[in-house]
Amino acid sequence: MPALIVGNWKMNGLGEDIAEIAAMAGSSVRNLWVAPPFTLVDRAVIVAAGAIKIGGQDCHARDKGAHTGCVSAAMLADLGAGFVIVGHSERRRDNGETDADVRAKAMAGQAAGLEVILCIGETRGERDAGETAAVLTAQLAGSLPEDSNGLIIAYEPVWAIGTGLVPTLADVSAAHAHVRSQLVARYGPAGHGVRILYGGSVTPANAGDLLAVDEVGGVLVGGASLTADSLLAIATAAP
Ligand code: PEP
């Protein structure tokens, strides 16, 4: 299974930046997904022309209703999006999202026919206290949807996001092995089929080493995903 390279543009990107997605789509790389801000999803779908998958960075748990400012998974699917990220640590931090919220969003994404990237990860304090495995276990217990259809997990240590800090390869390997064991415990053999991404300060310089780690099925990239040059360099670093 080739590595999956997913870009998360966060709250970055204006109309002129669509050119970056067009450049990604114009390359020969075919394992790229990009989640631009909601405002660019429809334009991104058009220029991606099916060559790269476009997704949302979040969705509401309900299909429609009185939720001012929110976007549903059905609306993303209607625009031609193919996936949605749920539970990113910035949403957990800025919007107070709980594991139960994340689970509801994941199931809404699945119901809308989207692939779902569900993010988990420990804080620096939790890591220093030796609680990484326990935190991941609890987050998965609280946020995994009922079935694993279209599910992808992103292990993103909170302290590694946007900081330039990256865990050791041994720590990445241990965390991914732990996530895998939890997925198999929850879903049985189907748990082996769930891809696990690593995220947190991935760059063209470290992507090759990270992607070579056992159980790392790809990467979720923030800052280094904003230009085609950088994201394509990460994609081509895959072993
Ligand atoms: C992210 O936004 O999920 C992320 C990993 O960001 P960065 O690559 O900038 O650390």
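Phe83 counts as buried, with a relative accessibility of 0% (buried means under 20% relative accessible area, exposed over 50%, and partly exposed in between, with a 1.4 Å probe and protein chains only). The model is predicted, so local features need pLDDT of at least 70 and side-chain atom pairs count only at pLDDT 80 or more, while totals for chains, interfaces and linings use all residues. Residues are numbered from 1 along each chain as its sequence is written, and side-chain values use heavy atoms, with hydrogens and water left out.

**Aromatic rings**

- Two aromatic pairs are found in a search of the whole structure; rings of Phe, Tyr and Trp (its six-membered ring) pair if their centres lie within 6.5 Å, and planes under 30 degrees apart count as stacked, over 60 as edge-to-face and the rest as tilted.
- Phe83 pairs with Trp33: the ring centres are 4.9 Å apart and the planes lie at 35°, so the pair is tilted.
- Because Trp33 belongs to strand E2 (residues 32-35) and Phe83 to strand E4 (residues 83-86), the pair ties together parts that are 50 residues apart in sequence; helices (H or I, at least four residues) and strands (E, at least two) are DSSP runs, numbered from the N terminus.
- Trp33 also counts as buried, at 9% relative accessibility.
- Arg124 lies over the face of Trp159, 4.4 Å from the ring centre (a charge sits over a ring if NZ of Lys or CZ of Arg is within 6 Å of the ring centre and within 35 degrees of the ring normal).

**Packing of H5 and H7**

- Helix H5 (residues 99-111) packs on helix H7 (residues 132-143) at an angle of about 50°, with the axes 7 Å apart; axes are lines fitted to C-alpha atoms, for helices over the stretch in contact, and angles run from 0 to 180 degrees between N-to-C directions.
- H5 and H7 are therefore oblique to each other (angles under 35 degrees count as roughly parallel, over 145 as roughly antiparallel, 65 to 115 as roughly perpendicular and the rest as oblique).
- Asp99, Ala100, Val102 and Arg103 of H5 meet Ala138, Gln139, Gly142 and Ser143 of H7.

**Helix H10**

- Ala228, Ser230, Leu231, Leu232, Ile234 and Ala235 are buried in helix H10 (residues 228-236).
- These buried residues pack against strand E1 (4-8), helix H1 (18-26), E2, helix H9 (207-211) and strand E8 (218-221).

**Ala74**

- Ala74, in helix H3 (residues 73-79), counts as partly exposed at 31% relative accessibility.
- Beyond its neighbours within four places in sequence, Ala74 is in contact with Asp63 and Ala112 (contact means heavy atoms within 4.5 Å).
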